[in-house]
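Please read these notes with the model open beside them.

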Amino acid sequence: MSETNNLSVSRKSFSQRLFLFLGSMDLAITLLLALAVASIIGTVLQQNQPYSDYLIKFGPFWFELFESAGLYDVYSAIWFLSILVLLVTSTSVCVIRNGPSMVRDMWNLRTHVQRKSLRAMRHNTAWTVGSPAEDTVTKLESNFSKLGFRVKQTPKTDEVLVSAMRGGMNRLGYLLTHLAIVVICLGGLMDSNLPLKFAEWQGRINIETRDLPLSQIPAKSKLAVGSQAFRGSVNIPEGQSSSVVFVAMRDGYLVQNLPFKVEVKDFRIEHYATGQPKSFESDLVVYDDDLAEPLTTTIAVNHPLIHKGYAIYQASFSDGGSALSLDAWPLDGQAGNEPLSFDSKVFERRMMHWGDNSSQLEITSFRPFNINPDPTEEDPNNVRNFGPSIEFKLRSNTGEAQEYQNYMLPVTRNGRDFYLSGVRSSPADEFGYLYLPLDKQGGLTGFSHFLQRLYDKKVVDEIAREMTSTTLNSVANSDEKLAQSLHDTLMTLVEMFVAGGFSNVTVFIETTLPEAERATLGPAYLSMLREILARVYVNGLYLPEQQPPSESELLFLQDAVDAIGSLPRYGSPVYFELTDYEHVEASGLQIAQSPGKPIVYFGCAMLIMGVFLLFYLPQRRFWALVKVNGSQTDILLAGMSNRNPREFDGYFEQISDELKLTSGNSSPH
Amino acid sequence: MNKLAGIMLTETSSPLIQWLWRGAMVLAGIILLTMYYDVFDYYEVGIVVLTAFCMALIGQNWMGIRWYIIVVGLLSLFAIQRYANDLTLANSDFFLNYMLASQSAFMWMSALFVMATVTYFAGLFLRSEFTQKIGTALTWSASAMGMIGLMVRWKESYLIGPDVGHIPVSNLYEVFILFAIITSILYLFYERRYQTRALGGFVLLVISSAVAFQLWYTFERQAHEIQPLVPALQSYWMKIHVPANFVGYGAFAMAAMIGVAYLLKSWRQSVNPQGLLATTLPDKAVMDDLMYKAIALGFAFFTLATILGALWAAEAWGGYWSWDPKETWALIVWLNYAAWLHMRMTKGWHGRPMAWWAVIGLFVTLFAFLGVNMFLSGLHSYGTL
């Protein structure tokens, strides 16, 4: 890294000039700063996201431009690696150029200095002592040694030079720091995905972008067991095992085979009293033919398992296909009367058929508990556990899907219990909730029974007839035609209501009634509808003669009518009641092999040692030239340091005072 | 030998004091280890030994830090004694409520740091050595209150629940206090060594800014509440990675503020050589040297901290280097100061350009420390605002 060179530019060959350029300080500093600036890109632009996200974010033009510049994985882009390689080369050239002289400087006591150059040093002093030269030299030597210096005496023609040095290891600091950079980068290179990129470029491997079962993934996307570096992840449900991990590459993945099989026995999350997660742990069993018996252990965050150089980390968790028992309650006339019980699993897809319609049920998640703010409390910090919930999609034959969220436990509102079901048509929306009232037994039977009666033409017909007759009995001049018309209206109103709620009825009123009659007949129609709905409900209770329905039954009626009124917006022909579950979790493991790690760590140790040697061990040299001057002895002392010139002022003074004191009677020149 | 080692410093303590001090630290370490022999694990023993060793070393020639360690130790023990096992005493016990409960101690620290800043500047403008000495005393007191606050907070976290307890360097609020303490102690070290108090106000300015932020953070975001550790932070590496990092940050911040003083002096000198700042601020060569010292110290510890971080990452995230934004910014800071040091040590650059560069370096450091947590997402999400 020295700037000095005695060769003139014109006489140097190209390779010499290249060597000088690569080892130049200017290049080194430029590269350090260029690397710093280039590194910023990858922190501003989130790396290794799905390519579709980038496409949405930047649009097609910039997306392609950025992709060709390798900006989605900057740190393995060719141009970025080129900077790194140049930096390593530059550092290596520096070490090669300066290393030998540094090593010499570490030990060399510089015995060839002349009186003239000592006199020219910033720090020098001279004095005369009465003792003979040999004694003085011996004393100086022993004093220097006591002060921790390495000493050597060199007889000159008519004088003796005593050379002393401390802190020669400062030069080692230079070597260690610069070699460390090379070592760390080489170790890091071994652990990078560069070999994979190279294999891909050669066409030996192929990145898989499709979501396929393991057995269908082509062999070209699978990596054999070996000593190569990789860092992959895999989700293993409790009770299952895996002998591969998935290595993410750009917008796809590769499958890395492992020489052993990992089974997840159990995954646990522990919580603090405040609800925050306290630990994530997995009980693992490693099956390996090389082991006498399977290895059983527990890993946690910060506590990985190292097996055969493979490190197994607790990285994440997800649902592992929890077993669910569901009751499908029909909400329209077609699906029949009784709930359909069936078992499913999280992530399972199944076709559901009701009448002529069918749709695909896709269960997307299960949560064993939901800690949410309690809507009945003022303070949003008052949270409550709302119990287990499932989320699922219902996909119609045209491919459109509605998203649902159903809670297993009822929620209480104004003292009454409801099943809560949220619906939305896109993840960007908030859930809108349907409240299904529970009957006295705490089930949906009461609601379902009422709903089915409203769909049942025979029942409605009978009730409408009964209602018509009671209504017309109080009217003086009634006839058959009026009765029939009233009956028909009632039937239509109920049909309208179950098909589209109150809003549908309002539309019906507005489109069929003449404008003049709308103001008077409209409200009458609505109260007639409420009356017949109540009659259908009360009639279905089969109460003893003359017994009026209880207050709770009337409240249920009100809630049920509200729920039925919002069913058309709910969009699903059934309500899925979660009756039972068995929670199965999947542990997200990260498995890595990094053969370069010991090399990198070795480099790190070198770097730390080197940095501290370089900054905190100044190299200090002293020379004492001892010359006989008649009966006395003249001493010329000079010193220099390669660090902290300011502090060396005081240091030199103290050393010279010390030496003057101990080398005999002195008289300064 | 002792005398020689002492030459590094402007004054040395007598050998008797030195040996007494070293002995006291060894004794303190041994007492601690025997008392908690059953509960300490391998790493905790290592940390106690390392701490005792460092304190013995740093205090052997520095009277100020010896008193600091003694006062902080005694008052912290006193506070812990007052707490016994009841956290609610923080509001009822006289000493805790007004002095030593962590929140009270931090408030004292904040007030004292601001006062110290004002006093240092007053001393500078009044050319009053005495006023500046008061500034030094205030800085020592502020730093001591901060450190006591951290010590007591450590105990308080265990009073909340044995599983909640942890060293208070786990979130942005706690490390801001750590930053203020470490920067002030680094400054006090160099103040004594270079026998100049004129830079106090400048360095304290950056500490006062940190204090202002931390007060906002307390009152606006309730950040002072002690939170349990997320699983990723439950590691012995935290105890050494975080403090090592803050020695780096503190030293870089100090270098930048000295850079500001340097530029001011250089500007005033060219305008009015007999003016106040031109004559009261230290010699430019002294400031240049101090700037270099601070950056070298910061660089050494930042290197150590980044490597410790890599070792921790290898245990927690599955790889010693993931190009996570925080890691990458640490590298950027490191590269920046590496370039600075090369310029200075091998190209021999001095003066204004290096001072400007040191000031810019503070902004790079600040982004790595705060900006990454505020604007970028990544694995280091513990320090989010």
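**Notes on the cores, helix H10(A) and chain A**

1. In the largest nonpolar core, of 140 residues, those that touch the most other members are Ile148(B), Ala251(B), Met254(B), Ala255(B), Ile258(B), Met291(B) and Ile295(B). A nonpolar core here is a set of buried Ala, Val, Leu, Ile, Met, Phe, Trp, Tyr and Cys residues joined through C-beta atoms within 7 Å. A residue is buried if 20 or more other C-beta atoms lie within 10 Å of its own, exposed if 12 or fewer, and partly exposed in between, with C-beta atoms placed from the backbone. Helix H13 (residues 284-316) of chain B gives the most to this core, with 21 residues.

2. The model is predicted: local features need pLDDT of at least 70 and side-chain atom pairs count only at pLDDT 80 or more, while totals for chains, interfaces and linings use all residues. Residues are numbered from 1 along each chain as its sequence is written, and chains are lettered from A and ligands numbered from 1 in the order in which they are written.

3. Leaving aside residues up to four places away in sequence, Ile295(B) touches Ala251(B), Phe252(B), Ala255(B), Tyr337(B), Trp340(B), Leu341(B) and Ala358(B). Contact means C-beta atoms, placed from the backbone, within 7 Å. A second, separate core has 52 residues, including Val460(A), Tyr525(A), Ile532(A) and Val561(A).

4. Val460(A) is also one of the buried residues of H10(A), with Ile463(A), Ala464(A) and Thr468(A). These residues lie on the same side of H10(A), because they cover an arc of only 140° around the axis, the arc being that of the directions from the helix axis to the C-beta atoms. Their cover includes helices H9 (445-455), H11 (480-512) and H12 (515-541) of chain A. Lys458(A), Thr470(A) and Asn473(A), on the other side of H10(A), are exposed.

5. Chain A has 15 helices and 27 strands, counted as DSSP runs numbered from the N terminus (helices H or I, at least four residues; strands E, at least two). Of its 669 residues, 29% count as buried.

6. The C-alpha trace of chain A spans about 160 × 65 × 55 Å along its principal axes. Its radius of gyration is 44 Å, whereas a compact globule of 669 residues would be near 26 Å; the radius is taken over C-alpha atoms, and the globule rule is 2.2 Å times the number of residues to the power 0.38. The centres of domain 2 and domain 4 of chain A, over C-alpha atoms, are 90 Å apart; domain bounds come from an automatic or database domain assignment.

Methods
Two residues are in contact if their C-beta atoms, placed from the backbone, lie within 7 Å.
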